[in-house]
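Reader: I've got a chain open on my screen and I'd like to talk it through. Can we go step by step?

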Amino acid sequence: MKIPFLGHRREEYADLDPEGIAGLLAECELLRSQASREGVQLDDSVESLEALDQVVPRWRDDEEVLPWLGNDAGLYLGTVIVRTVPGAAWEIRSDGQPVVLLNTGREFDVVELGQEWAASGAPELSQVYAEVAEE
């Protein structure tokens, strides 16, 4: 399996195994661990996004954890979108950033959205999902 952010950044991203990439992006170990401690089951459902929005953000006090958790939150949001919104798919931009692409052509930088959520709680993950699902 070719994974762009593990090396060879100049490779063509079109050759990548979409299922392998989706599986890797869905791991989100730090977020899953943090959610589990709070009693939230991350089952790739819309309801799990709503539950995450309700978790007390204890991670905001830890400057080392915050960016990693934000990254995981964005990847988890993208995973839920790709698995539940018809026509949504992961795309790896030429800079190696994973984004969600809708069949309308609209692109969502879910990692950036996850970073914003982790830092401030806004936009809520479930709110972003609702916006994406409407399209």
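Reader: Which residue in strand 3 does Val 100 stand opposite?

Author: Before we start, this is a predicted model, where local features need pLDDT of at least 70, side-chain atom pairs count only at pLDDT 80 or more, and totals for chains, interfaces and linings use all residues. Residues are numbered from 1 along each chain as its sequence is written, and side-chain values use heavy atoms, with hydrogens and water left out. Strand 2 (residues 98–101) pairs with strand 3 (residues 107–108) in the antiparallel sense over two bridges; two strands pair if DSSP finds at least two bridges between them. In strand 3, the residue opposite Val 100 is Phe 108.

Reader: And in strand 2, which residue is the bridge partner of Ala 89?

Author: Strand 1 covers residues 89–92 and pairs with strand 2 in the antiparallel sense, over four bridges. The hairpin of these two strands has five residues between them, and Gly 96 takes a positive phi near 90 degrees there. As for Ala 89, its bridge partner is Leu 101.

Reader: In what order do the elements of the chain run from the N terminus on?

Author: Helices (H or I, at least four residues) and strands (E, at least two) are DSSP runs, numbered from the N terminus. The chain has six helices and three strands. Written from the N terminus on, they go α-α-α-α-β-β-β-α-α.

Reader: At what angle do helix 3 and helix 6 pack?

Author: Helix 3 is residues 46–54, helix 6 is residues 125–134, and their axes are 7 Å apart. Axes are lines fitted to C-alpha atoms, for helices over the stretch in contact, and angles run from 0 to 180 degrees between N-to-C directions. The two helices pack at about 145 degrees.

Reader: Which residues of helix 6 make that contact?

Author: Contact means heavy atoms within 4.5 Å. Helix 3 brings Val 46, Leu 49, Glu 50, Leu 52 and Asp 53. On the helix 6 side you'll find Leu 125, Ser 126 and Tyr 129.

Reader: Is Ser 45 buried or exposed?

Author: Ser 45 sits in the loop between helix 2 (29–37) and helix 3. Its side chain makes a polar contact, at 2.5 Å, with the side chain of Asp 43 (a pair of N or O atoms within 3.5 Å; within protein, one must be able to donate a hydrogen and the other to accept it, and residues adjacent in sequence count only if both atoms are side-chain atoms). Buried means under 20% relative accessible area, exposed over 50%, and partly exposed in between (1.4 Å probe, protein chains only). Because its relative accessibility is 14%, Ser 45 counts as buried.

Reader: Leaving aside neighbours within four places in sequence, which residues is Ser 45 in contact with?

Author: Helix 4 covers residues 65–84. Its buried residues include Tyr 76 and Val 80. With those sequence neighbours left aside, Ser 45 is in contact with Tyr 76 and Val 80.

Reader: How far does helix 4 reach from its first C-alpha to its last?

Author: Helix 4 has 20 residues. The expected span of a helix is 1.5 Å times one less than its number of residues. For helix 4 the expected value is 28 Å, and the reach is close to that, at 28 Å.

Reader: What is the phi of Cys 28 near?

Author: Cys 28 is found in the loop between helix 1 (18–25) and helix 2. Cys 28 is buried, with a relative accessible area of 4%. Phi is positive here, in a residue other than glycine, and is near 45 degrees.
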